[in-house]
Amino acid sequence: MKQKTVSLVLGSGGARGMAHIGVIKCLEEHGYKIESVSGCSMGALVGGFYAAGKLDNYTEWLRKIDTLDMLKLLDLKGSGGLVSGETLMEKMRELVGDPLIEELPIKFTAVASDVKEEKEIWINRGSLMHAVRASISIPLFFTPHQHIGRLLIDGGVLNPVPIAPTFDDNTDLTIAVNLGGDIEPNLFPPKKEIDRSVSARIKEYLQNIAIPDTIMQEYGMYEIVSQSIEAMQGTIARMKLAAYPPDMVIEIPRNLCGMMEFNRANEIIEYGYRICGKRLNGGTAGSGVKALVLTDQLPDVV
């Protein structure tokens, strides 16, 4: 039987984006062939690494890190954002390299947002790492990324589920993964008490780098901005999915994990795998018709 070809759309949502890895694994095991990937923020990172054939390297690393490991990658010397992102991207290059997007074996588009022009930007050529870095630039948290004369921030600000870049694909199905799905209670068993030694190490590390209390305390700057972005992206995602319904939507509950809970990689990846399997067994939805984008709504392609 001929494999069904897929255009895969991977949405934004911080650490919940690790569920994308499980979705990809599930699709492959069910015989689907992913020929195109469009992603923003964490969806651009996972999708770009998959298109480059390096997702296993990233996944293996994710499964081994803890909260302290992740904190050490966040260099607090940004301008226009808390974190510059330089240390993180150095690690990503170590894991994946930095191929050109146009030379990848799978079509890939990263979606970012132009701060000054207030418009969506599609990056489908040039450095993969520049594209990923631009797309993950969460406002306030990461420094905006300068790329080919543009000041770029997180693609999820304008399009958290970027379906439009797949409209010209000649594939059998378009499958979108929305990381801003409805809240589900009791997703996981109650967390075990955090190991005291690990907790102490994290606290000591944060004290050493002197993050202001106004940023990290409960209902501090970071928490308020994070919740605001979640609310904004959830609303935009629902509008985009209603306007341009894909053949299938895989919804990841927005309370699956916090934006920075990368230490929960194993359970988040497994959740993505399981929910994708259930969705595939439940059949497809949507019109299956590639929508048209009005000329005056076209983003810049760089």
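This is a predicted model: local features need pLDDT of at least 70, side-chain atom pairs count only at pLDDT 80 or more; totals for chains, interfaces and linings use all residues.
Me: What makes Ala134 count as buried?
Reply: Its relative accessible area is 0%. Buried means under 20%. Ala134 is therefore buried.

Me: Where does Ala134 lie, and which residues does it touch?
Reply: Ala134 lies in helix α6, residues 128-135. Beyond residues up to four places away in sequence, it touches Ala112, Ile123, His145, Leu152, Ile153 and Asp154. Contact here means heavy atoms within 4.5 Å.

Me: Why is Ala52 called buried, with a relative accessible area of 17%?
Reply: The cut-off is under 20%. Ala52 has 17%, so the label buried applies.

Me: Where is Ala52 found, and what is it in contact with?
Reply: Ala52 is found in the loop between α2 and α3. Leaving out neighbours within four places in sequence, its contacts are Pro99, Leu104 and Leu128. Ala52 and Val96 are 44 residues apart in sequence, and their C-alpha atoms are 8.0 Å apart in space.

Me: What makes strand β9 largely enclosed?
Reply: Count its buried residues. Strand β9 covers residues 173-181, and nine of the nine are buried, so the rest of the structure largely encloses it.

Me: How do you know which strands pair with β9?
Reply: Pairing takes at least two bridges between two strands. Strand β1, residues 5-10, pairs with β9 in the parallel sense over five bridges. Strand β10, residues 248-253, also pairs with β9 in the parallel sense over five bridges. Both pairings therefore meet the cut-off.

Me: Which residues stand opposite Ala176?
Reply: Val9 stands opposite Ala176 of β9. In β10, the bridge partner of Ala176 is Val249.

Me: Why is strand β5 described as largely enclosed?
Reply: β5 spans residues 119-123. Four of its five residues are buried, so the rest of the structure largely encloses the strand.

Me: What makes β4 and β11 partners of β5?
Reply: Again, at least two bridges are needed. Five bridges join β4, residues 107-114, to β5, and the two run antiparallel. Strand β11, residues 300-301, pairs with β5 in the parallel sense over two bridges. Two is just what the definition asks, so β11 qualifies.

Me: Which residues face each other in these pairings?
Reply: Val111 stands opposite Trp122 in β5. In β11, Asp300 is the bridge partner of Ile121.

Me: Which residue of the β4 and β5 hairpin takes a positive phi?
Reply: Glu118, with phi near 55°. The hairpin has four residues between the strands.

Me: How do you know that helix α1 is mostly covered?
Reply: Eight of its eleven residues, within 19-29, are buried. They are Ala19, His20, Ile21, Gly22, Val23, Ile24, Cys26 and Leu27. Just after α1, Gly31 takes a positive phi of about 90°.

Me: What makes a set of residues a nonpolar core, and which residues have the most contacts inside the largest one?
Reply: The members are buried residues of nonpolar kinds such as Leu and Phe, joined through side-chain atoms within 4.5 Å. The largest such core has 75 residues, and Tyr58 and Met92 have the most contacts inside it. Outside four places in sequence, Tyr58 is in contact with Ile21, Met42, Leu45, Val46, Phe49, Met92, Leu95 and Phe262. Apart from this core lies another, of 13 residues, among them Ile163, Ala164, Phe167 and Tyr244.

Me: What makes a space a cavity, and how many of 30 Å³ or more are there?
Reply: A 1.4 Å probe fits there but cannot get out. The structure holds four cavities of 30 Å³ or more. Of its 17 lining residues, the closest to the centre are Met42, Leu88, Ile136, Phe142 and Phe262. Elements giving two or more residues to the lining are α2, α3, α5 and β6.

Me: How many of the 302 residues count as buried?
Reply: The share is 52%. The protein has ten helices and eleven strands.

Key:
Residues are numbered from 1 along each chain as its sequence is written. Side-chain values use heavy atoms; hydrogens and water are left out. Buried means under 20% relative accessible area, exposed over 50%, partly exposed in between (1.4 Å probe, protein chains only). On a 1 Å grid over the protein atoms alone, a cavity is a set of points where a 1.4 Å probe fits but cannot get out, and a pocket is an open set with protein on both sides within 12 Å along at least five of seven lines; lining residues have an atom within 4 Å of a point. Grid points are joined across faces, edges and corners, and a volume is the space filled by probe spheres set on the points.
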